[in-house]
Structures are given as structure tokens and as C-alpha cells.
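Let's take a walk through this model together. Have the coordinates open in your viewer, and we will go from one region to the next.

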Amino acid sequence: MDILRLLMAAPATLTLLARTMKQSPAWVRHHILALQSAGLIEISEVRKTGKVMEKFYRAKADALLVQEIILPKSKKPSVIFSGSHDIALESVTEQLVKHVNLLSLPVGSLDGLVNLRQGLCQISGSHLLDENGEYNTPFVKHLFPDRDVEIITLAYRTQGLILANGNPQGIKKISDLIRPNVRFVNRNPGSGTRLWLDAELRKQKIPVEKINGYENQVKTHSEAANLISQNKVDVSLGLQAAAHQNGLDFIPLFEERYDLVLPREQEENLNSLLDYIQTASFREMLAALTGYNTNHSGETVAV
């Protein structure tokens with residue numbers, strides 16, 4: 001259960017888990033295998049660190065997140081995040097572990113806001129672009145007309161085409177996705193990335209049926225980048241930070257505003273998070289990830 005709680009908060013390697021729990025890697029591996037055989041965790045990505053290929057594990061039993069809220073093990077407040085996957089938030093979770101159990105359920109921007117509306121989480125993350133060119137606010141107004149909700153900018157993020165190192169397929173633009181030799185992996189419906197792509201395909205009059213792999217979906221930018229690094233696919237739309245982490249090529253296409261959305265009554269439980277995104281160390285961490293602009297981080301967006 002302790003390993004599962006850590007993996008509900010953020011993906012982690014066997015080495016990181018051993019260090020955090022002050023146990024031997026062999027001890028952790030034994031329990032990892034037990035959790036895998038029970039279908040409670042899975043490998044989220046394989047990342048090359050120096051000369052070593054490291055496996056990152058994550059929890060896949062989402063219902064256990066609710067158990068942590070109802071019957072938390074520690075006296076620290078437990079908060080469920082549900083929304084768009086963000087690499088920076090994974091690092092933030094590690095920084096705040098002493099103050100709050102921030103448990104992540106990446107489901108995409110739209111479903112995250114719906115979960116927040118239904119009380120299935122306490123904070124959400126969104127990068128939904130409205131037809132009027134405004135990010136997130138129109139969607140929040142529509143879903144929360146009767147509730148006092150805050151929108152706080154985490155950062156601006158660069159998204160584009162994530163490609164294999166050296167770009168062997170010579171992919172340059174969105175229209176190249178219809179080439180028959182190009183293998184694509186998509187994001188899940190309701191994610192801000194998927195919605196942007198679908199709008200762009202409509203604008204360029206590109207039929208989705210011509211894209212090899214349009215129906216293949218992953219829930220996170222990291223998963224998409226990992227598939228490309230393993231040569232299982234050639235291209236995906238995603239974060240520059242995910243490409244950078246995996247040593248992949250990247251063609252920038254747009255910058256977007258990624259916001260945190262939370263009901264006003266959750267402020268007290270989330271103070272440590274809200275305070276942290278105002279700090280210089282937060283900005284330094286995002287700069288190291290690449291593809292993040294922190295000029296407006298921590299600013300409140302008028303609803």
C-alpha cells in the first residue's frame with residue numbers, strides 16, 4: 001500500500017522508490033512484481049538516464065484515489081488532481097510531499113473539469129482553447145455558473161510535433177501525418193491536445209481516416225514520447241518537455257496557457273501548492289524542463 005500511495009502521487013522508478021522508502025531495490029522489486037500481477041500498477045514509460053534505461057511505474061487502480069481521500073493513512077491532507085497531464089506538476093508533487101498528498105488522475109482537460117464539477121477531485125488542470133481564442137475561462141464559466149471557482153495560471157507551455165531523434169521520416173508539418181509510411185499516436189478524447197489537433201485538422205481539411213494511428217490513444221505526453229523513443233510510432237502531438245526528457249526531436253507549433261482550476265473552499269488545503277508556484281525554485285525547475293514560460297505563473301485569471 002505504501003508503494004501504491006507513492007505511485008498514485010506520481011510515476012517513479014524502482015531506484016527512486018527504494019530511496020524514498022529506505023528499502024533495498026530487491027525488496028521494492030518483490031512488491032512491484034506483486035502489484036503488477038494484481039493489475040494495480042503498470043509501466044508508464046521507459047526513459048534513458050545516462051547509459052541506463054529506467055522503467056517508470058504508475059498506479060492504474062483509480063478507485064484507490066477515492067479511498068485515500070476517505071481513509072487517508074497520514075494526517076496530511078490528501079488532494080486529488082484530475083485533468084490534463086503536465087510534466088511540471090509531477091515534479092511539483094515531489095516537492096510538496098511533506099505538506100500534502102497530491103494524488104494525480106490524468107483524464108484530459110475536459111473530463112478533469114467535469115470531475116471537479118461532480119466533486120470527484122479538488123483541483124483540476126486545463127488548457128482548453130475556446131473558439132473565441134480564449135483559454136479555459138469560457139469552459140469554467142459554463143460548468144460552474146453557480147460556484148466560486150478560481151483559475152490560476154501554472155505556466156505557458158509549448159506544444160508541437162514530437163519526433164524520433166534525427167527525424168528519419170522528414171516530418172515537417174501537420175499535413176505530413178497523412179503520409180502512408182508515418183505512424184501516429186493520438187491523445188485521449190477530451191484532452192486539450194486532442195481538441196487542438198481536431199480543430200487544426202478541420203481547419204486544414206485533413207480527413208482523420210487518412211492518418212495512420214489516429215485511433216491509437218495514450219493519456220499522457222510522456223507515454224506518447226516513450227512510444228516514439230521505442231520506435232513503435234513516428235510522431236505525436238505533445239509537450240516540448242516530453243520530447244526533451246526522451247532526447248527526441250521537436251517542431252514547435254503553438255504556445256498555450258495551462259491553468260489550475262479549484263473551488264475557493266479548497267484554498268486552505270492547497271496553500272502549499274499555490275505558494276510554491278510563486279517561488280524562484282519553481283521557475284528554475286520549469287526552465288530545466290524546457291518549453292515552459294513562467295512569466296505569468298501564479299497569476300489569477302478573472303472568471
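## A residue to start from

Which residues does Leu 260 touch, not counting residues up to four places away in sequence? The list reads Phe 81, Leu 89, Ile 123, Ser 124, Glu 150, Ile 151, Ile 152, Leu 154, Leu 273 and Ile 277.

Leu 260 also belongs to the largest nonpolar core, which has 40 residues. Together with Val 92, Ile 123, Leu 273, Phe 282 and Tyr 292, Leu 260 is among the members that touch the most other members of this core. As background, nonpolar side chains tend to be buried together in soluble globular proteins.

What you are looking at is a predicted model. The protein chain averages a pLDDT of 90, and 95% of the residues score at least 70. Among the elements, strand β10 (residues 235–239) has the highest mean pLDDT, at 98, while helix α4 (residues 63–70) has the lowest, at 61. Where pLDDT is low, the predicted coordinates should not be read in detail.

## Strand β10 and its partners

Because 5 of its 5 residues are buried, β10 is largely enclosed by the rest of the structure. β10 pairs with β7 in the antiparallel sense over 5 bridges, and here Leu 161 stands opposite Leu 237 of β10. β10 also runs parallel to strand β8 (residues 184–187), to which 2 bridges join it. In that pairing, Val 185 stands opposite Ser 236.

Ser 236, which sits in β10, is buried with a relative accessible area of 1%. A polar atom of the Ser 236 side chain lies 2.9 Å from the backbone oxygen of Val 185. Beyond its neighbours up to four places away in sequence, Ser 236 touches Gly 160, Leu 161, Ile 162, Phe 184, Val 185, Ala 224 and Ile 228.

Which residues of α12 are buried? They are Phe 282, Met 285, Leu 286 and Leu 289. These residues cover an arc of only 95 degrees around the axis, so they lie on the same side of α12. They pack against α5, β7, α10, α11 and β12 (292–293). On the other side of the helix, Ala 280, Glu 284, Ala 287 and Ala 288 are exposed. After α12 comes Thr 290, with a positive phi near 70 degrees.

## Helix α5 and Thr 93

In α5, the buried residues are Ile 87, Ala 88, Leu 89, Ser 91, Val 92 and Thr 93. At the start of this helix, a side-chain oxygen of Asp 86 comes to within 3.1 Å of the backbone nitrogen of Ala 88.

Thr 93 lies within α5 and has a relative accessible area of 8%. Setting aside neighbours within four places in sequence, Thr 93 is in contact with Ala 9, Ala 10 and Leu 102.

## Thr 193 in helix α8

Thr 193 belongs to helix α8 (residues 192–203) and is buried, with a relative accessible area of 2%. What joins the side chains of Thr 193 and Gln 159? A polar contact of 2.9 Å does. The two residues are 34 residues apart along the chain, yet their C-alpha atoms are separated by 8.3 Å. Not counting residues up to four places away in sequence, Thr 193 touches His 127, Gln 159, Arg 187, His 221 and Leu 237.

## Two asparagines with positive phi

Asn 136 is not a glycine, but its phi is positive, at about 70 degrees. This residue lies in the loop between β6 (124–126) and α7 (137–143). Phi of Asn 231 is also positive, near 60 degrees, and Asn 231 is in the loop between α9 and β10.

Is each of these asparagines buried or exposed? Asn 136 is buried, with a relative accessible area of 0%, whereas Asn 231 counts as exposed at 53%.

Notes. Residues are numbered from 1 along each chain as its sequence is written. This is a predicted model: local features need pLDDT of at least 70, side-chain atom pairs count only at pLDDT 80 or more; totals for chains, interfaces and linings use all residues. Side-chain values use heavy atoms; hydrogens and water are left out. pLDDT is the predictor's confidence in each residue, from 0 to 100. Helices (H or I, at least four residues) and strands (E, at least two) are DSSP runs, numbered from the N terminus. Buried means under 20% relative accessible area, exposed over 50%, partly exposed in between (1.4 Å probe, protein chains only). A polar contact is a pair of N or O atoms within 3.5 Å; within protein, one must be able to donate a hydrogen and the other to accept it, and residues adjacent in sequence count only if both atoms are side-chain atoms. Contact means heavy atoms within 4.5 Å. A nonpolar core is a set of buried Ala, Val, Leu, Ile, Met, Phe, Trp, Tyr and Cys residues joined through side-chain atoms within 4.5 Å. The arc is that of the directions from the helix axis to the C-beta atoms. Two strands pair if DSSP finds at least two bridges between them.
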